[in-house]
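Hello,

Here is the structure for your files. My notes on it follow below.

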Amino acid sequence: MKSPKVVISILVVIAFLLDSCQQPTSNEIANSTTDDNLVQYVNPLMGTDSDFDLSNGNTYPAIATPWGMNFWTPMTSKMGDGWTYKYDENKIRGIKQTHQPSPWINDYAAFSLMGIRGSLKFQEDERSSWFSHKAEIAKPHYYSVYLADYDLKVEVSPTERAAQFKFTFPESDSSFILLDGFFRGSMVKVIPKERKIIGYCRNNSGGVPENFHNYFVAQFDKDFEQIHTWEDDWKLKQNTLESEGEHVGAIVGFKTRRGEQVHVKVASSFISPEQAQLNLDREIGNDTFEQTRSKALKAWQTELSRIKVEDDNIDNVRTFYSCLYRLLLFPRKFYEIDKAGSIVHYSPYNGEVLPGYMFTDNGFWDTFRAVFPFFTLMYPQLNAQIMEGLVNTYKESGWLPEWASPGHRQSMIGSNSAINIADSYMKGIRGYDIETLYEAMLKNATTSEGRPVSSKGQVINSVGREGIEYYNKLGYVPYNVSINENAARTLEYAFADFAISRVATELGKPEDATIFRQRSENYKHLFDKESGWMRGKNEDGTFQSPFNPLKWGDAFTEGNSLHYTWSVFHDIQGLIGLMGGEDAFAQKLDAVFEMPPDFDDSYYGFTIHEIREMQIVNMGNYAHGNQPIQHMIYLYNYAAQPWKAQQKIRQVMDVLYTPQPDGYCGDEDNGQTSAWYVFSALGFYPVTPATTQYVIGSPLFKKVTLTMEDGKILFIKANANNTKNVFIESVKFNGKAQDHIWVDHHDLQKGGVLEFTMTDSPNKNWGTNKSSIPFSMSNHKDK
């Protein structure tokens with residue numbers, strides 16, 4: 001019998017050469033080495049078994065390069081459905097270019113390609129074909145599916161702004177490829193002599209200027225024998241070359257031999273048709289399909305190999321790299337390279353083509369927590385480019401983005417752009433205009449006048465701070481002034497004020513620093529000593545009544561008081577003091593896990609999916625499927641009970657994540673739920689962005705090798721680590737024992753060895769001294 005290492009080596013070679021869907025079985029050992037094809041461990045279908053009522057991720061298989069301007073995905077659902085690919089559906093309608101960050105935000109600039117043969121079917125319901133996951137391959141860099149109704153195979157492989165398709169047809173006198181320009185404005189033009197289709201699509205879900213277009217070009221390698229288009233209401237226009245309207249498309253047909261391959265090279269641009277052609281020429285040019293596929297594989301391998309894990313459990317390896325893949329998708333690059341080689345972007349804010357970086361498709365309410373801290377640790381250069389993009393957003397719209405897709409969108413709350421900026425600057429990342437960003441942060445914190453207006457004439461109140469005048473006057477956003485989610489806003493504004501105070505100090509602005517540090521204590525206004533929870537407060541200073549801490553929504557955002565009370569990221573020791581000390585604080589944490597999953601959904605009038613996801617996982621009222629509570633487990637460290645954090649972190653990783661279509665326990669959300677897993681698997685987590693500390697949890701793997709951007713190597717070792725040994729006996733960094741339960745950002749970036757010794761029983765003496773506790777504003781100063 002071969003050793004496990006030999007078995008894995010053979011499988012890795014096979015996977016690399018064939019790039020097939022074959023993978024080792026769960027009981028085989030995965031040892032990631034420098035020679036491994038790490039892409040084989042990624043499952044882009046993780047999280048796709050979702051719908052409106054229950055999210056197991058609310059993802060789709062994004063066939064893309066890291067942070068690519070365009071993604072591609074198969075469509076099982078109708079045009080315009082935010083759940084574009086549902087794992088349990090069984091028909092494919094096309095492969096579409098997508099820019100969707102979330103089903104709740106929906107898509108923009110989408111168009112699709114589809115192959116058929118036989119009688120001409122172009123309406124999306126009629127043309128859809130049965131498929132099976134058994135005849136489907138989904139990888140980050142490559143997607144293939146067999147369309148059973150037409151006996152043909154479709155393959156696609158991406159670049160940042162382009163892609164190559166390969167259609168393998170049966171023998172037929174009537175083989176067709178359709179390009180669907182989608183609804184809400186589209187145009188197609190067939191140029192037979194050039195074997196080309198050009199056009200544009202304008203579909204969007206908001207957040208675009210009036211002149212918004214996505215210009216596309218599709219270059220074929222076979223002459224067209226039939227050419228048709230369709231116009232609005234699916235009306236076929238036979239033997240025509242052009243169509244323009246609300247929803248149009250193009251059809252090209254040819255005779256094919258069995259096994260004949262037709263290739264299509266596709267690119268797009270938000271700037272112009274000429275730029276779309278330039279993107280195609282630059283990113284694909286004369287490359288074959290296999291060359292494009294190989295380059296896309298290399299792009300993913302390069303990024304995934306920045307973190308190499310070694311473990312006995314291959315499902316842990318699969319889950320880790322599937323999460324890391326999600327973490328490296330958003331925010332997307334919304335910029336292009338012009339003919340002079342300069343970085344330019346179409347502004348989704350004012351409609352102009354301007355120099356510089358632009359990124360989009362991100363909700364900072366989700367991603368400030370762990371996604372952006374991950375970028376500061378592993379991708380500081382990218383982080384600086386994103387910060388430059390924020391400068392451009394402010395200059396072009398007058399405001400910082402909070403939820404952009406591609407421009408400002410009406411979604412979520414908070415002022416979390418300030419946290420991302422502060423986290424970047426406090427960790428020493430430079431190369432962008434911090435003074436302009438500081439000006440923008442101050443604007444958010446002082447006025448709500450002049451905020452952007454949507455196409456429907458509504459003020460986009462997710463930009464800036466809704467209720468800021470109340471907040472600055474009273475120290476909180478009142479419950480009874482018709483501003484929803486007021487308590488959540490207060491807590492998040494207080495953390496943003498902490499972030500501003502940090503930057504103000506660094507920039508030598510002591511008066512501002514004092515003002516915003518004082519405002520960052522505004523969380524205290526909402527603590528109700530009687531219940532021991534955060535509670536909405538009326539304008540006259542009385543608490544909301546009646547009050548049910550289990551009530552979702554209302555004063556809080558997609559959660560209840562049991563979830564939001566812990567949103568004092570910057571001053572956990574202050575919160576501990578309000579609750580009556582460490583023991584009382586820990587008991588409140590315990591209670592969240594130990595109580596039944598009771599809830600009050602009366603604010604919504606139905607049970608929203610986030611509630612259901614909490615209810616069904618048998619963890620009490622702990623709602624890991626949504627972001628507000630994801631840092632909560634790490635707070636045991638602040639109460640001198642780190643062993644409870646260690647046990648529960650491993651429980652969440654073991655139970656609530658799998659590398660399967662139902663692999664998440666709620667919305668994945670632009671990499672945030674994945675980032676929690678990635679950080680936690682490494683053994684630490686950024687509880688307080690805008691500081692340089694990561695709070696220690698319980699490492700999942702026996703060994704991890706991180707390659708920093710400058711080439712320095714950090715080794716993370718966990719001696720005796722296994723499913724039972726989840727507790728930390730001791731920690732050393734570069735051979736020196738440490739008792740504090742945090743690690744510093746700058747120390748990690750210098751490289752070295754972070755060494756854990758694991759055990760099967762709690763060590764209640766490690767990490768429990770006052771000097772061991774992580775940063776809190778009340779009583780600590782970090783480096």
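How many of the 783 residues of the protein chain count as buried? The share is 65%. Please keep in mind that this is a predicted model.

Overall form first. The secondary structure of the chain comes to 20 helices and 37 strands. Along the principal axes, its C-alpha atoms fill a box of roughly 80 × 70 × 50 Å. The radius of gyration is 26 Å, which agrees with a compact globule, because a globule of 783 residues would have a value near 28 Å. Among contacts with a separation of 6 or more, 69% are between residues 24 or more positions apart.

Next, the interior. Nonpolar side chains tend to be buried together in soluble globular proteins. In this model the largest nonpolar core has 207 residues, and F320 and F374 have the most contacts inside it. Helix α12, residues 486–506, gives the most to this core, with 10 residues. Which residues does F374 touch, leaving aside its neighbours within four places in sequence? F374 is in contact with I307, L324, L327, L328, Y379, V678 and F679. Another core, of 12 residues, lies apart from the largest one; Y108, Y346, Y349 and M358 are among its members.

Regards

Methods. Residues numbered from 1 in each chain as written. Heavy atoms only, no water. Core = buried A, V, L, I, M, F, W, Y, C linked by side-chain atoms within 4.5 Å. Buried < 20%, exposed > 50% of the residue type's maximum accessible area, 1.4 Å probe, protein only. Helix = DSSP H or I, 4+ residues; strand = E, 2+ residues; numbered from the N terminus. Contact = heavy atoms within 4.5 Å. Rg over C-alpha atoms; globule rule 2.2 N^0.38 Å.
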